[in-house]
Amino acid sequence: MATMSEKPGNVLAPTLSRRQFIKAGGVLVVGFSFAGTELLKGETKAPSVMRNSLDPTLASSWIEIHPDNTILIRTGKSDFGQGTTFTAYRQIVADELSVPFEAITTVVAGSTDITPDGSGAFDFLGHGTPNIRKAAAYTHQALLDLASEKLGVPKDKLSVKDGIVSGGGKTISYGDLIKNQQLKLTIPVKGDLTSIMGLSIEGNPPMKPVSEYTVIGKSFKNSIISSKVAAKETWATDVRLPGMLHARVVHPKTLGSTLVSAGQVDKTKFPNSQVIVKGNLVGVVAPTEWEVIQAADQVADGTKWTEWKGLPGNAKLYQHLREEADWTSAPVVKSEDSKGDVSPQLASAHKKLSATYQLSYMKHAPIGPTMAVADVKPDGTVHIHVHNQNPQALRGEIAMMLGTTPDHVIVHSYPGPGHYGRSNGGNSGAEDEAVLLSQAVGKPVRVQWMRADDMQWSTQASAAFSDVKLAVDEKGKIAAYQIDHYMPAMQDDRPIGAVLAGLPTMAAPQVHSDGVTTTVNGIEDPWVYAQVPNLIENGHGTFQVGQKASPLAVGLRDHSMRTPGQFQQNYPRELAISEAAALAGADALQFRIDHANEERAIGVLKSVRDASGWDTRPSPRSDAKAIGSAPLRGRGVSLMLRSGTYWACVCQIAVTPSTGVIVVEKYTIAVDPGIVVNPIQLKRNVEGGAVMGIGHALFEEVAFDESGITTEDWLSYPIPTMADIPEIKVVLLNNPKVGAYGGGSEAANALAAPAIAAALHDATGKIMRRLPMKPAYVQALLKT
Amino acid sequence: MITLNVNGARREVQAPADTPLLYVLRNDLQLIGPQFGCGLAQCGACAVLIDGKETRSCVTPVASVASQEITTLEGLPARWAKQKGLSAEAAKNTLHPVQQAWIEEQTPQCGFCQNGMMIKATELLESNANPSLTQIKAAFTTSGISPNLCRCGTYVAIIEAVKHAAEIMAKGR
């Protein structure tokens, strides 16, 4: 492992810049070390590689081919249940190297000292060229070069099948080829390892043509499922270190409270417990978990906080966002698809719609509350054992908090509950608290948040509203469409324990901050109705609610969640399109086809029409009504493009006006991701996203008062149960001519809400322009 | 000292009588199948079988189950082997049909809740060898103290896996 140390300074500054790479790299010949990760011993100057990190320019940091022809791959992306690293990544590497899927026996993921590239558990397929594919393609070329030299056969006369190189009547396996050999290969990389995006591999190595894929496209099983099901996997929750103390954190009374005095432990009851206070961070540690839980409850009862009332409360959320929030400090972002002039048509149109659509805050709500084990060593080295979507970014954040450099921080990655985006910026909540408590007691500390901590002190998906104005002409086509999206900053990556302790963190979201923690609201929902002649899409951003008023600079912290930003923009757009179809007296699905140009968009719409048994007619249905105690049926459709994948969904619902209860009876979704890498894994991911989307549409709303979040458990934040799921049909459209694999499963959660709202309109003739569509809200709407 | 009967073995633990069984299993006995999800008996991630009944270990005082038979996820293979009269050698190399079906159907996503789902499925299939869709939905929503919750939304895959497990059990393999 390289041992060159970083200069102290800005810990979030580039650790391996392009400039450094060129200076140090060039045509560097480095060892293809099959034993592991050692730099070639010799005169060659190594590039600047941070201590406790792998050298990303080394091929073996990405892919190791062993003499027995087995292969190990490494990725900075941790698995969060998508299974991509254990299925698609193995398939992609297998095809690029022309080896069987089974040859890739080991996947090393996430941990910062044994993976090369960082970045987060998102965008796994990298728009068709994830890092691991490029690493495999470069390695393949270098192996062919070596084989050419060794066999004395020109490279273009060589072919590879099942890891055996053949040419000129001779053959050699990869394993034999690389025995005691070096590849002349330097992997070109750029980026900042501990930034949210990590490192990316540069250049365009020759890649296998899609027509020659033999592994991609098949339903290989996810290897980690077997070990999880058999209770043989070590989860983050299972990590126990020698001398480790259990801890709980007593979080402030409100999202703006400061500490007056910390409660004491009753030593007669809890003799081994200890209270630790750092600024506004109050922690309790004890050798056993049950003691610390009880002691922390007692300390919480005795801890005094200042009062704070700086939030609007969820009943007044929309009014606050509309009338009080600052929408002027962040520049308005206009989409690249915006075109023409909407004003004349909006003024003179045949039929018009002007409406506002609102979304509530939602929780990521992992099924297990956040936890972490930290071990701060006497020499200042910090080990963190955790389930985190961006371990390398966490290194930077912890180093900043401690005033040290990221090379002192090692993050060990384990499986855990899905986070759905919450930790993609590097922290999930407990890591920094565990580090501070471990530092204070000089022992490893395990911080486990309780359910209420996780509901009330984690980030949430941003609330939002959108204003739509549209005009429909005499021919029943949209003549002009304007949408203005309003959403508070959606990514706050400050570790909460560091904020409470008053230690350095990155800035709270602000107008000019770089990267993703900005108040600027970009357009995240690509326009798919190319036939609309006049279009304006604007994004308006602001600070998080309560962020500026809170003495802790906390307020309602937001974080990207599954289909981030796009969910908030696609819901109003798609419901408005269904409303436009109704204005035009047109069928909502055919209306979409008639406004699209892109063949793949039309393809998913036609597929979902056929698969759902859609009856072509205008909405609302002719017998629509909004009264009675009998269930009324309706259906709606939605369409989305995300990360190179087209999605369309049809929801068929039953709504009972007297109760306001909506039941989704049938859910059909069509997906065209280009190449389907692994059908069973994609199908399972889409089914899950569909179910989560039904929760978003019907139940999920963060309740908060003037002081903080009042949602505290699964009763106050209901998510779908098995009783809520409809008949779900997933149609996978494998489309190899696209030539790439689009992002797979993330987006399925976004499709249900606008389709269900359109179905409610179809059944009742009433439009609900607010999420979630809880029974009480539906009941109230239907009475109007 | 409390003596427990866990997965067919007598285990002695030093823990206050009111300690929730979950912490004893995870911290004292290194049985890590049950997970901490809520501590409130609202989600099912911590479920174990107590005398064959699906029970939330996060709210069950350890002393209250000292005389009963506790089965965790780790104990499902042996439970199946005993029910089928398999040899000790064969038992070592088998999984419970529920576990087999969970793998064959590729049911889990993050998998954090699936301990409870497999425990609930085992309870169901031991009393109803061929449950209908309605009966499966009832088992996972209304039969226990709360519904078994999955945030990844794997309910479709769970239903398919329960049906598949029933087939495996019927064949006795």
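**Chat about the two chains**

Mentor: Let's begin with chain B: 57% of its 173 residues count as buried. Keep in mind that this is a predicted model.

Trainee: Okay! How many helices and strands does chain B have?

Mentor: Chain B has seven helices and five strands. Going along the sequence, their order is β-β-α-β-β-β-α-α-α-α-α-α.

Trainee: And why is chain B called as compact as a globular protein of that length?

Mentor: Because its radius of gyration is 15 Å, close to the 16 Å that the globule rule gives for 173 residues. If you like a box picture, the C-alpha atoms of chain B fill roughly 45 × 40 × 25 Å along the principal axes.

Trainee: What about contacts in chain B, what share join residues at least 24 apart?

Mentor: That share is 62%, counted among contacts between residues at least 6 apart in sequence.

Trainee: Let's switch to where the chains meet. How many residues of chain A are in contact with chain B?

Mentor: On the chain A side there are 44, in contact with 43 residues of chain B. The elements of chain A that give two or more residues to that side are α5 (223-229), α6 (289-302) and α16 (679-698).

Trainee: Which element gives the largest share?

Mentor: That's α16(A), with nine residues. By class, the side of chain A that touches chain B has 24 nonpolar, twelve polar and eight charged residues.

Trainee: How confident is the predictor about chain A?

Mentor: The average pLDDT of chain A is 92, and 93% of the residues score at least 70. Residues 1-46 of chain A are another story, as pLDDT stays under 50 there. For that stretch the model has 86 contacts beyond four places in sequence.

Trainee: New topic: I've been looking at A:Gln568. Which helix is A:Gln568 in?

Mentor: A:Gln568 is found in helix α13 of chain A, which covers residues 566-584.

Trainee: Buried or exposed, and why?

Mentor: A:Gln568 is buried, because 28 other C-beta atoms lie within 10 Å, and the cut-off for buried is 20 or more.

Trainee: So which residues does A:Gln568 touch?

Mentor: Leaving out residues up to four places away in sequence, A:Gln568 touches A:Leu359, A:Ser462, A:Ala464, A:His485 and A:Met487.

Trainee: Last one: how far apart are A:Gln568 and A:Asp95?

Mentor: In space they are 37 Å apart, C-alpha to C-alpha, and in sequence 473 residues apart.

How values were computed
Residues are numbered from 1 along each chain as its sequence is written. Chains are lettered from A and ligands numbered from 1 in the order in which they are written. This is a predicted model: local features need pLDDT of at least 70, side-chain atom pairs count only at pLDDT 80 or more; totals for chains, interfaces and linings use all residues. Two residues are in contact if their C-beta atoms, placed from the backbone, lie within 7 Å. Helices (H or I, at least four residues) and strands (E, at least two) are DSSP runs, numbered from the N terminus. Ala, Val, Leu, Ile, Met, Phe, Trp, Tyr, Cys and Pro count as nonpolar, Asp, Glu, Lys and Arg as charged, and the others, Gly among them, as polar. pLDDT is the predictor's confidence in each residue, from 0 to 100. A residue is buried if 20 or more other C-beta atoms lie within 10 Å of its own, exposed if 12 or fewer, and partly exposed in between; C-beta atoms are placed from the backbone. The radius of gyration is taken over C-alpha atoms; the globule rule is 2.2 Å times the number of residues to the power 0.38.
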